[in-house]
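Welcome to this short tour! Please open your viewer, and get ready to select a few parts in turn.

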Amino acid sequence: NAILNMSQGHFTPDVSIYWEGLIESRKLLLNLIIFIENKQIRFSLGCIMCILLLMHHLTHKPFSNNIVNAIETLSFSLLSFQAIISYTKVLLSIYDLDNLGEMASVTDVLLPIENILFFGLILFVFGCCLQHSFGKKIA
């Protein structure tokens, strides 16, 4: 009973088993997609799956704690963002559209934008978590 409470305690009561199954299915599917040889199909399936999972999470909000829901939403958003950027890079390289001329390539331009947004969001979440943690201790 203690293990059941630990694994399902952070979910809302009516969706705990369903959501645990969905999390494990997501992990399995993401790992199975790796074995698809065609890059375009592999990245398009991964991108579609990430976006569908984000939309599903946004509509159901499975966790009983709003902060955990917000962090999980941000996590799925970052995963979807990374999938879209990777899919864009794959499409540009497949169709040989990566070259912007002698100065740079599209991936050279996308990399700093990707890093700034990705790490900026991570720092933002970390700051929000710290603020929430210290806010509860002080109050």
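What percentage of the 139 residues in the protein is buried? Buried residues make up 26% of them. Keep in mind as you look around that this is a predicted model.

**Stop 1: the whole chain.** Switch to a cartoon view and follow the chain along its sequence. You will pass five helices and zero strands, in the pattern α-α-α-α-α.

Stop 2: Select residues 39-60, which form helix α3, and then residues 66-94, which form helix α4. The axes of these two helices come within 9 Å and cross at roughly 160°. Angles over 145 degrees count as roughly antiparallel, so that is how α3 and α4 run relative to each other. The crossing in which α3 passes α4 is left-handed.

**Stop 3: the core.** Next, show the side chains of Ile33, Met49, Leu53, Leu54 and Phe76. Together these five residues make up the largest nonpolar core. Helix α3 gives the most to this core, with three residues. In soluble globular proteins, nonpolar side chains tend to be buried together.

Stop 4: Zoom in on Met49. Which residues does Met49 touch, leaving aside those up to four places away in sequence? Select Arg26, Leu29, Leu30 and Ile33 to see them.

**Last stop: contacts across the chain.** Zoom out again. Among contacts between residues at least 6 apart in sequence, 56% join residues at least 24 apart.

Definitions and conventions
Residues are numbered from 1 along each chain as its sequence is written. This is a predicted model: local features need pLDDT of at least 70, side-chain atom pairs count only at pLDDT 80 or more; totals for chains, interfaces and linings use all residues. Side-chain values use heavy atoms; hydrogens and water are left out. A nonpolar core is a set of buried Ala, Val, Leu, Ile, Met, Phe, Trp, Tyr and Cys residues joined through side-chain atoms within 4.5 Å. Buried means under 20% relative accessible area, exposed over 50%, partly exposed in between (1.4 Å probe, protein chains only). Helices (H or I, at least four residues) and strands (E, at least two) are DSSP runs, numbered from the N terminus. Contact means heavy atoms within 4.5 Å. Axes are lines fitted to C-alpha atoms, for helices over the stretch in contact, and angles run from 0 to 180 degrees between N-to-C directions. Angles under 35 degrees count as roughly parallel, over 145 as roughly antiparallel, 65 to 115 as roughly perpendicular and the rest as oblique. A crossing is left-handed if the near helix is turned anticlockwise from the far one by less than a right angle, and right-handed if clockwise.
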